[in-house]
Amino acid sequence: MSTVGNSTNIFWQESPIGKTERQKLINQKGCVVWITGLSGSGKSTLACSLSRELYTRGKLSYILDGDNLRHGLNKDLGFKAEDRVENIRRVGEVGKLFADAGLICIASLISPYRKDRDACREMMHDSSFVEVYMNMSLQLCEARDPKGLYKLARAGKIKGFTGIDDPYESPLNCEIELKEKEGECPSPVAMAEELVTPRDFLAPPCSVSSSASLSSSSAASLSLSAPTSASIPIAILTPISFSAPFQRIVQFAPSLRVLLVTFSTLIL
Ligand SMILES: Nc1ncnc2c1ncn2[C@@H]1O[C@H](COP(=O)(O)OS(=O)(=O)O)[C@@H](OP(=O)(O)O)[C@H]1O
Ligand SMILES: Nc1ncnc2c1ncn2[C@@H]1O[C@H](COP(=O)(O)OP(=O)(O)O)[C@@H](O)[C@H]1O
């Protein structure tokens with residue numbers, strides 16, 4: 001019997017079927033892919049591309065999109081700091097349940113505060129948390145402004161808008177960083193094309209060759225780092241757990257492959 005938060009006299013009910021059995025049943029590993037970044041940085045677009053590509057490979061994923069969740073589960077929350085904290089906490093908990101069910105849960109939220117994202121990582125006891133940072137400049141996001149929110153924020157009609165008059169704390173130790181280069185990043189179509197390369201995605205880690213070089217021609221640059229170190233370009237640092245599949249994709253250079261192969265190490 002225990003007390004958790006405001007819940008007193010509660011018990012943990014064990015389930016007869018565990019995560020391992022569920023994963024075996026659907027032939028994939030449950031995990032949380034957490035996409036963070038400014039409004040307009042491309043979080044939802046990436047989440048959709050990834051989900052579609054996983055689907056074509058018979059992998060079950062589910063997107064938890066910040067905007068969408070605020071239509072239901074989180075409709076009682078606004079954008080004050082404490083509401084954002086609760087927003088992220090709830091989505092972290094839901095993501096944990098999805099991952100426990102064996103799904104690849106793609107969470108796409110601004111999630112501006114580092115501490116909250118780190119708390120979500122902590123919730124996942126088996127390290128199945130992949131933080132993806134959409135490192136796009138405020139300039140780029142503001143130029144896109146697909147919902148006209150930056151314009152309203154600049155005009156003072158929206159208060160506390162992330163990046164304008166509310167902070168965004170970039171990750172220090174994320175697994176994956178997608179970065180614009182000279183104001184550009186790969187188009188959604190290019191993203192999708194990169195994601196459909198079966199040899200990379202399906203290659204078993206053991207069959208991977210070792211030579212690699214990172215193309216500098218790609219419009220975006222991607223960094224991959226171990227959670228315990230600062231983000232360093234992948235050509236320089238290859239964490240052991242990612243190294244084999246990573247080296248294979250780096251041969252083929254375009255950056256989004258790195259993203260998918262990282263996921264493949266988690267789910268295949
Ligand atoms: N003040 C303020 N700041 C930032 N964003 C705002 C704000 N008000 C409304 N919106 C819209 O809400 C979407 C972000 O919701 P999230 O749940 O992802 O935000 S957070 O993680 O709790 O910060 C965000 O969606 P995206 O553009 O997809 O990021 C906006 O459309
Ligand atoms: N890789 C990309 N290249 C060009 N435009 C993009 C790219 N990713 C997203 N966009 C566009 O930028 C805008 C914001 O993307 P979105 O995915 O909605 O961002 P977020 O979910 O972070 O707010 C949309 O109009 C989308 O079509």
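Let's start at the hairpin made by strands E1 and E2, which has 2 residues between its strands. Glycine 5 sits in the turn with a positive phi of about 60 degrees. E1 covers residues 2–4 and E2 covers residues 7–10, and they pair in the antiparallel sense over 2 bridges. Valine 4 has serine 7 in E2 as its bridge partner. A word on terms: strands (E, at least two residues) and helices (H or I, at least four) are DSSP runs, numbered from the N terminus. Two strands pair if DSSP finds at least two bridges between them.

This is a predicted model, in which local features need pLDDT of at least 70 and side-chain atom pairs count only at pLDDT 80 or more, while totals for chains, interfaces and linings use all residues. Residues are numbered from 1 along each chain as its sequence is written, chains are lettered from A and ligands numbered from 1 in the order in which they are written, and side-chain values use heavy atoms, with hydrogens and water left out.

**The chain as a whole**

The protein chain holds 11 helices and 8 strands. Of its 268 residues, 47% are buried; buried means under 20% relative accessible area, exposed means over 50%, and partly exposed is in between (1.4 Å probe, protein chains only). Its accessible surface comes to about 13,600 Å², and carbon and sulfur atoms own 57% of that. Accessible areas come from the Shrake-Rupley method with a 1.4 Å probe, and for residues only the protein chains shown count as cover. Now take the contacts (heavy atoms within 4.5 Å). Among those between residues at least 6 apart in sequence, 76% join residues at least 24 apart.

Glutamate 131 lies in strand E6. Buried or exposed? Glutamate 131 counts as buried because its relative accessible area is 2%. Its side chain makes a polar contact of 2.8 Å with the side chain of arginine 117. Leaving out residues up to four places away in sequence, glutamate 131 touches several others, including Trp34 and Thr36, as well as Arg121 and Pro171.

**Two ligands**

Which residues are closest to ligand 1? They are Ser39, Arg70, Arg84, Asn87 and Ser111, out of 20 residues that surround the ligand. Ligand 2 has 15 residues around it, the closest being Gly40, Lys43, Ser44, Thr45 and Pro186. A residue is near a molecule if one of its heavy atoms lies within 4 Å of it.

| Ligand | Residue and part | Distance |
|---|---|---|
| Ligand 1 | Serine 39, side chain | 2.5 Å |
| Ligand 1 | Aspartate 67, side chain | 3.2 Å |
| Ligand 1 | Isoleucine 110, backbone | 3.0 Å |
| Ligand 2 | Glycine 40, backbone | 2.7 Å |
| Ligand 2 | Serine 41, backbone | 3.2 Å |
| Ligand 2 | Glycine 42, backbone | 3.0 Å |

Taken alone, ligand 1 exposes 630 Å², and the protein buries 92% of that. Ligand 2 has 550 Å² of accessible area on its own, and the protein covers 75% of it. Helix H2 (43–56) and helix H8 (188–195) are the elements that give two or more residues to the shell around ligand 2. H2 provides the largest share, with 3 residues. That shell divides into 6 nonpolar, 7 polar and 2 charged residues. Here Ala, Val, Leu, Ile, Met, Phe, Trp, Tyr, Cys and Pro count as nonpolar, Asp, Glu, Lys and Arg as charged, and the others, Gly among them, as polar.

**One last stop: arginine 154**

Arginine 154 lies in helix H7 (residues 149–154). Its C-alpha atom is separated by 9.1 Å from that of aspartate 165, 11 residues apart along the chain. Not counting residues up to four places away in sequence, arginine 154 touches Leu138, Glu142 and Ile164.

Terms used. A polar contact is a pair of N or O atoms within 3.5 Å; within protein, one must be able to donate a hydrogen and the other to accept it, and residues adjacent in sequence count only if both atoms are side-chain atoms.
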